[in-house]
Amino acid sequence: MSVLTRDEAQTRAELLDVHRYTIELDLTGGDETFDSRTLIRFAARVDGDTFVELKPAELRSVTLDGHPLDPEALDGNRLALPNLTAGEHELRVDARMRYSRTGEGMHRFTDPTDGETYVYTQLFMDDVQRVFAAFDQPDLKAVFELSVQAPQDWTVLANGITEHTDGVWKAAPTPLISTYLVAVAAGPWHSVRTEHRGLPFGLHCRRSLAPHLDADCDELLDVTRACFDRYHEKFDEPYPFDSYDQAFVPEFNAGAMENPGLVTFRDEFVYRSAVTDTERQTRAMVIAHEMAHMWFGDLVTLKWWDDIWLNESFAEYMGYQTLTEATRFSDTWTDFGVTRKSWGYDADQRPSTHPVAPEAVDDTASALLNFDGISYAKGASALRQLVAWLGEKDFLAGINTHFARHKFANATLADFIDNLAGATDRDVHAWADAWLRTTGVDTLTPRIAPGEHGTCALTVDRAGNRPHRIAAGLYDRDLGDDGGQLVLRERLHLDLPQTDAHPIGKRPALLLLNDGDLTYAKVRFDPESFETVRKDLSGLPEPLTRAVVWNALRDAVRDGELAPGAYLETARTHLPLETDLAIVQGVLAFASTYVTDRYLTPEERPAALATLSELCRDLIRRTEDGDNPGLRLIAVRHRIDVAAHPDTIAAWLADGTVPGGPELDPELRWRVLARLAVLGATDEAAIAAELERDPSATGREGAARCRAALPDPETKARAWQAMFGSDDLSNYLFTATARGFWQPEQADLVRAYVERYYADAVAVADRRGPAIADAAGRWAFPAHAVDADTLRLGRECLRDADPIPALRRKLVDQLDDLTRALRVQGGQEN
């Protein structure tokens with residue numbers, strides 16, 4: 001299959017003006033394929049040649065202006081349209097298309113709970129070709145008119161309001177939108193419908209999840225309405241579509257997709273087990289993020305994929321900011337600092353880093369790789385810094401000019417910057433060059449010099465070239481009875497680079513750069529401040545301040561400047577006193593996933609697991625009064641994950657509860673069983689019994705993970721065959737199996753598979769495409785095998801095997817993480 005290049009897209013956009021697609025889909029033809037008939041009305045500006053894209057199971061017929069074209073002329077995914085004359089044309093395509101099991105194109109899923117079947121589209125980037133014929137590039141916007149024939153008991157959702165007669169559903173024609181934004185979701189949905197500001201709103205999920213959606217529908221709709229209203233206060237342009245449906249769909253690859261009028265979410269967001277308030281906040285943020293796309297992405301769309309950051313960075317920033325302003329979730333930036341910025345920092349220090357706004361993205365395969373921590377987290381951090389520098393009033397003025405000038409059309413980075421520049425006297429173009437066209441993370445280090453009469457002065461060393469507007473927090477120890485508390489004396493507002501030393505009075509106990517987390521940079525401590533952090537971190541008064549400190553410690557571990565054991569000691573000392581759930585979750589996740597599993601040697605790992613287990617026990621004891629069920633849930637989850645011996649968690653599973661709560665819901669039961677499988681303390685019979693107890697889709701995934709985790713050569717061989725020897729696993733079952741397969745406790749058992757991994761991953765990625773390639777590179781990689789042989793084998797694979805771009809990118813990142821882990825361990829790389 002050919003990927004579309006930037007040059008080809010520009011040439012086609014100069015030639016064509018696409019008016020309207022009339023699409024007829026028939027979903028009643030069986031489990032493997034569906035029928036797709038497309039009429040495209042378009043004009044050629046001059047005489048010329050072009051092509052249309054399609055990935056059919058069978059191309060039945062093609063006519064151009066009533067004249068048949070040879071279906072055999074389809075070359076991969078391209079059908080040539082030669083010798084077009086200037087003027088209007090009609091292209092008709094009749095094809096049979098394949099359903100997907102990988103979350104790409106038209107994904108088909110049968111719910112094991114009740115046997116009901118659902119289909120939905122995910123057409124992002126270039127997957128519209130899996131559903132209907134299209135001139136598939138974002139700057140050839142058109143009106144889409146869609147009809148769908150479906151089984152009688154199904155409901156069909158689409159971008160516009162739908163009406164149906166005798167099993168045929170017709171959607172209202174869309175405004176001008178891009179091909180990748182067309183959406184269909186069909187099946188026997190459970191729906192909750194309402195209206196807001198004269199528009200129909202809807203929530204939809206599988207029938208088996210109906211009780212769980214109903215339990216949360218008030219919260220979901222409250223967030224939706226609050227964000228909708230807040231965006232109308234911020235933006236001059238009204239919501240540009242005729243309805244707002246949110247469908248929670250199975251086996252979805254992303255968190256959500258901003259299809260106009262029909263946002264699709266992964267249906268794990270319909271919670272069937274207990275969750276923390278931070279997880280509810282995350283779901284609310286995704287709602288706010290996708291709604292922001294209705295303006296930035298859908299109303300105004302990028303011209304080509306090099307400007308993907310204009311979609312994602314804007315929605316990421318606006319989602320967090322609007323949620324803070326409009327809902328009960330008023331501390332979202334702490335969660336962003338803990339979970340999202342670390343994603344950006346990590347991505348920006350790898351060989352695969354790229355500018356937020358790269359100069360050129362050559363083709364769609366390259367563009368797909370840029371949906372990463374840089375386009376999301378770093379870009380959103382840059383916008384937050386821009387707002388701090390410009391002021392929100394000027395920022396929103398520029399945004400609204402951008403919407404007015406480019407609505408229902410396409411725009412570039414240059415357009416965006418010009419519109420911002422028109423709203424301020426500041427040099428936005430220079431800011432964009434420094435922030436959006438460069439790579440890497442600046443590092444800010446304080447220098448405190450003594451002055452006269454016991455005073456000090458601050459200068460900031462900056463490793464990097466970006467300008468920064470930051471706050472520097474000066475904290476003194478509280479000399480009261482409590483001790484261990486730190487009191488904010490002052491926040492200095494600094495513009496970097498700094499020309500003169502800034503007087504700060506007497507030396508503070510802690511000087512924290514980037515207090516408030518308004519910029520994107522790693523920060524370091526002066527020696528005295530670092531000692532204060534080690535002793536008194538939990539005494540800092542604000543969670544966002546503590547998040548900045550924890551991120552700095554995390555960075556120092558990854559950079560080899562702080563011993564992993566010292567990080568664990570700090571966590572052991574201060575996390576039992578932490579009140580913010582996002583911080584507790586983030587620190588425990590880094591401590592278990594990276595520190596114990598990668599940065600410490602196998603000999604050091606048991607002691608580290610014991611430390612984390614004790615820490616979790618402290619948190620569980622602290623929450624016995626029931627005042628903080630979210631904190632208790634986090635502690636219970638991590639206590640399960642780090643258990644080195646099965647007795648305690650096996651007793652929990654047998655009793656169905658943790659003493660003092662919580663009761664073990666399906667998520668916790670599968671979590672315990674997975675850890676027992678790793679420890680060799682359960683068997684196939686127990687897994688089968690649990691699956692009978694929970695025969696849901698999530699239960700199937702839990703069983704696949706547990707089976708792959710059993711420390712038995714035959715079960716490991718079956719799991720490997722399921723992942724790499726056949727193509728039967730869906731995207732979710734592949735991921736579940738991969739997550740169970742590699743375990744640090746089983747390194748000797750699976751050692752032979754480390755070498756097999758590279759060839760088998762390349763082969764399965766070639767066969768099954770980018771979604772499975774991503775899963776194979778992310779979840780099936782032997783990340784526990786921190787040694788020179790793993791690194792050597794990976795480098796040989798990149799040199800000799802030519803993996804597809806999606807897998808190559810993942811391997812590059814994994815091998816860089818492996819190199820870093822070897823360095824932290826003190827090992828030598830080859």
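Thr22 has Glu145 as its bridge partner in β10. This is a predicted model, in which local features need pLDDT of at least 70, side-chain atom pairs count only at pLDDT 80 or more, and totals for chains, interfaces and linings use all residues. Residues are numbered from 1 along each chain as its sequence is written, and side-chain values use heavy atoms, with hydrogens and water left out.

Strands β1 (residues 16–26) and β10 (residues 143–149) pair in the parallel sense over seven bridges; two strands pair if DSSP finds at least two bridges between them. Strands (E, at least two residues) and helices (H or I, at least four) are DSSP runs, numbered from the N terminus.

Both strands belong to an open, mixed sheet of eight strands, in the order β5-β4-β7-β2-β1-β10-β13-β12. At its edges are β5 (67–69) and β12 (162–165), each of which pairs on one side only. On average, neighbouring strands of this sheet are turned by 20 degrees against each other, direction ignored. Axes are lines fitted to C-alpha atoms, for helices over the stretch in contact, and angles run from 0 to 180 degrees between N-to-C directions. Helix α1 (residues 6–15) lies across β1 and β2 (33–44), at about 100 degrees to β1.

Another part of the model is helix α26 (residues 805–825), which holds Arg820. Is Arg820 buried or exposed? Arg820 is buried, because its relative accessible area is 9%, and buried means under 20%, exposed over 50%, and partly exposed in between (1.4 Å probe, protein chains only). Leaving aside neighbours within four places in sequence, Arg820 is in contact with Gln349, Arg558, Asp559 and Tyr599, where contact means heavy atoms within 4.5 Å.
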